Amino acid sequence: MAKERVTVCLPPCNPGDVVQAIGAAMAPFDYNRDAGVGDPDVETWWDYWQIDGGGCEFLVVPGHEDDPRLIRGAETLSGEPRNVPPTLCDGGPRALLDLETPRARAAAGARRAFEAWREFASAYPPGRAFGDFQARHLADPESYSQVQAVEDYRTQPVIAAFLDNPELEEAVGGDPIARLSDDLDSLVRHAVDAALPSNALLTLDGRWLDVANAERRRYFSDYLIALPADAYAVRVLYHG
């Protein structure tokens with residue numbers, strides 16, 4: 001079992017009622033719940049939880065850092081104190097959460113990586129993505145080993161030079177031939193879609209959705225942005 005985060009969406013409520021509202025929303029997914037006759041047969045997910053968006057807190061809309069409706073968990077799951085900066089929060093009404101800045105930053109980062117790679121790679125013969133070598137290995141593992149696939153990929157002039165440039169590698173990321181294709185629009189959209197999601201989403205109508213692929217990440221982002229302005233979204237760390 002692991003610790004992951006779910007973004008819990010709640011109808012408008014008083015800040016003092018948020019913990020109780022989260023508990024009610026998450027109750028159907030409790031490992032230890034007492035299922036009654038006629039209760040829906042749902043897959044269970046957690047055995048304890050805490051409001052804690054550590055590492056994926058929401059940005060606060062500038063000028064609203066002291067709004068009492070913002071939610072900031074005081075402790076971690078292990079009981080250690082948290083010090084959440086005023087510019088961040090674990091949740092609050094959607095109107096107080098700056099959802100656009102992380103998306104804009106992600107888009108800008110994707111464009112920078114794309115442009116940096118294109119400029120760098122233009123000085124070398126075109127290379128092939130590692131997936132091409134891996135597919136050849138899987139098709140004929142006896143005559144083309146995994147070790148050979150890795151070697152052939154890494155010794156391509158453009159990749160050899162890339163691996164010898166740690167600053168570029170840090171800025172661009174791994175397997176750039178596969179990721180930084182000619183489709184800049186798709187690259188940016190994928191980066192934007194990945195800027196907001198947590199591991200899971202608990203919707204206003206009680207659906208628990210794992211966010212495990214590009215389609216779900218896009219759904220998560222679109223859902224969060226479309227929430228009513230006074231509806232709450234809260235990052236919850238759970239053990240499940």
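User: How many aromatic pairs does a search of the whole structure find?
Analyst: A pair of aromatic rings is described by the distance of the centres and the angle of the planes. When the whole structure of this predicted model is searched for such pairs, the count comes to 9.

User: Is the aromatic pair of Phe29 and Trp208 stacked, edge-to-face or tilted?
Analyst: The ring centres of Phe29 and Trp208 are 5.2 Å apart, and their planes make an angle of 45 degrees. Stacked pairs have planes under 30 degrees apart and edge-to-face pairs have planes over 60 degrees apart, while the rest are given the third name. With 45 degrees between the planes, the pair of Phe29 and Trp208 is therefore tilted.

User: How many residues apart in sequence are the parts that Phe29 and Trp208 tie together?
Analyst: Both of these residues, Phe29 and Trp208, are buried, and they also belong to one aromatic cluster with Trp45 and Tyr238. Phe29 is found in the loop between α1 (18–26) and β2 (48–51), whereas Trp208 is in strand β8 (residues 208–210), so their pair links parts whose separation in sequence is 179 residues.

User: Over the ring of which residue does the charged end of Arg128 sit?
Analyst: In this model, Arg235 lies over the face of Phe58, 4.1 Å from the ring centre. Arg128 also has its charged end over a ring, at 4.4 Å from the centre, and that ring belongs to Phe133.

User: The side chain of which residue is joined to that of Ser198 by a polar contact of 2.7 Å?
Analyst: Ser198 lies in the loop between α8 (184–193) and β7 (200–202), and it is buried, with a relative accessible area of 8%. Leaving aside neighbours within four places in sequence, Ser198 is in contact with several residues, including Arg5, Val211 and Phe220. A polar atom of the Ser198 side chain also lies 2.9 Å from the backbone oxygen of Ala200, but the side-chain partner at 2.7 Å is Thr7.

User: How many of the 8 residues of strand β9 are buried?
Analyst: In a regular strand the side chains alternate between the two faces of the sheet. Strand β9 (residues 232–239) is largely enclosed by the rest of the structure, because the number of its residues that are buried is 8.

User: How many bridges join strand β1 to β9?
Analyst: Strand β9 pairs with β2 in the antiparallel sense over 4 bridges, with Ile51 standing opposite Val236. Strand β5 (residues 91–93) is joined to β9 by 3 bridges, also antiparallel, and there Gly92 has Ala233 as its bridge partner. Strand β1 (residues 3–10) likewise runs antiparallel to β9, with Lys3 opposite His239, and the number of bridges joining β1 to β9 is 8.

Technical notes. Residues numbered from 1 in each chain as written. Predicted model: local features only at pLDDT ≥ 70, side-chain atom pairs only at ≥ 80, totals over all residues. Heavy atoms only, no water. Phe/Tyr/Trp six-rings, centres within 6.5 Å; stacked < 30°, edge-to-face > 60°. Helix = DSSP H or I, 4+ residues; strand = E, 2+ residues; numbered from the N terminus. Buried < 20%, exposed > 50% of the residue type's maximum accessible area, 1.4 Å probe, protein only. Lys NZ or Arg CZ within 6 Å of the ring centre and 35° of its normal. Polar contact = N/O pair within 3.5 Å; in protein donor to acceptor, adjacent residues only side chain to side chain. Contact = heavy atoms within 4.5 Å. Pairing = 2+ DSSP bridges.
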